[in-house]
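Colleague: I'd like to learn how to read salt bridges. Can you walk me through some?

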Amino acid sequence: MRKLLVTGGAGFIGSNFIRYMLSRHSDIRITNLDKLTYAGNPDNLRDIEQDDRYRFVKGDICDADTVDPLVRDADVVLNFAAESHVDRSIGKPDDFIRTDVFGTFVLLEAARKHGVERFVQISTDEVYGSIESGLFKETDPLMPSSPYSASKAGADRLAFSYYVTYKLPVVIPRSSNNYGPYQFPEKLISLFTTNALDDKPLPIYGTGENVRDWLFVTDNCEGVEAVMERGTDGEVYNLGAGNEKNNLEITRTILRELGKPESLMTFVRDRQGHDLRYALDTTKIRSLGWEPRHSFEDGMKETVSWYRDNRRWWEKLKSGEYLEYYKSHYKREL
Ligand code: NAD
Ligand code: TDX
């Protein structure tokens, strides 16, 4: 029986990963360590919280006393926990440095002390910075340009250093932008879909020509599993679907799916230091036998329908603290 410690499992990708792994493996135990920040939501895992193979621990990855016994008991650590929203990192980077860098260090130290079969450090395509043309390979230099991506780059290379220095069996997936069910309604697709459902403006930064490569979240989960099972120690794996779309195309797709008017498109002040384009060469992960299952069209249909059918999930989130953030973030712009 395999024992997994998943950190940040109450967030968007972590919760999808836990559900995905439990649906595919019977001989498995998963402990989810999550601090339940604004982005951590127990509702994301309501359907599996009674499953005997699953256990939830509320706690902070920066707290060595909490982390130590959980890592001691685990065969594999997957570190999804992070502050993950670029705009919030521009406003207040403090928690990004603390969780994304120091928290990763605490986990790595515990893994070094107790030994693990695998340490999967969830990284991101943003560590490369922006690329005008062509594709980033795993060996390209890192040029992160926001406090978020710089903190993720720090964690990514710190994990690598534990492989080089201590022979900790680290693997590092770097995925492109994920979309799908259970994404906190602050990121482009989840925010715009839920705003459109309420006939609210969709705030497009700058010209809307910035490009991202969109990967359906369960395809990413499958990729993370492939890296965990078949990746080589110390190696990085880019995970992308090759669905390069600019923000205008994404916005129009959402409006079309929902039958809402383009008059909801509202151009606002650009994000500071806004990366123009992310794009990945995925030859290496494809050599492990992985490829995305969802086309962009199917993934978007599934995503937009999910938010339409799960209004109660996101309406709860778009209140209280969220409204304070939203009002202060967009107040000069909308
Ligand atoms: P998310 O913000 O939805 O979830 C993050 C989770 O981490 C939340 O449940 C939160 O409560 C938890 N957390 C935060 N600080 C913590 C701490 N100190 N201790 C314990 N738990 C803590 O993020 P996400 O979009 O699911 O991203 C998950 C991971 O994937 C992150 O490492 C992110 O950098 C990476 N990633 C995300 C994307 C994307 O498009 N969303 C793309 C590439 C990589
Ligand atoms: O209101 C908005 N208006 C807008 O135009 C928001 C929230 C975003 N945007 C633009 C900015 C980007 O060009 O949409 C694009 C995508 O923005 P986000 O959803 O904030 O994602 P991004 O900044 O690309 O980062 C995401 O992908 C990599 C995740 O949030 C990161 O956690 C991940 O590492």
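Colleague: Let me start with one side chain: is R293 buried or exposed?

Modeller: R293 counts as exposed, at 63% relative accessibility. Buried means under 20% relative accessible area, exposed over 50% and partly exposed in between, with a 1.4 Å probe and protein chains only. Bear in mind that this is a predicted model, where local features need pLDDT of at least 70, side-chain atom pairs count only at pLDDT 80 or more, and totals for chains, interfaces and linings use all residues. Side-chain values use heavy atoms, leaving out hydrogens and water, residues are numbered from 1 along each chain as its sequence is written, and chains are lettered from A and ligands numbered from 1 in the order in which they are written.

Colleague: Which side chain does R293 meet in a salt bridge?

Modeller: Side chains of opposite charge can pair when their charged atoms come close. We call it a salt bridge when a side-chain nitrogen of Lys or Arg is within 4 Å of a carboxyl oxygen of Asp or Glu. Here R293 meets E222, at 2.7 Å from N to O. E222 counts as buried, at 15% relative accessibility.

Colleague: How many salt bridges does the structure hold?

Modeller: There are 29. Another one pairs K35 with D60, their closest N and O atoms 3.6 Å apart. K35 is partly exposed at 35%, while D60 is buried at 15%.

Colleague: What about E262?

Modeller: E262 bridges to R252, with 3.2 Å between the closest N and O atoms. E262 is partly exposed at 46%, and R252 is partly exposed at 35%.
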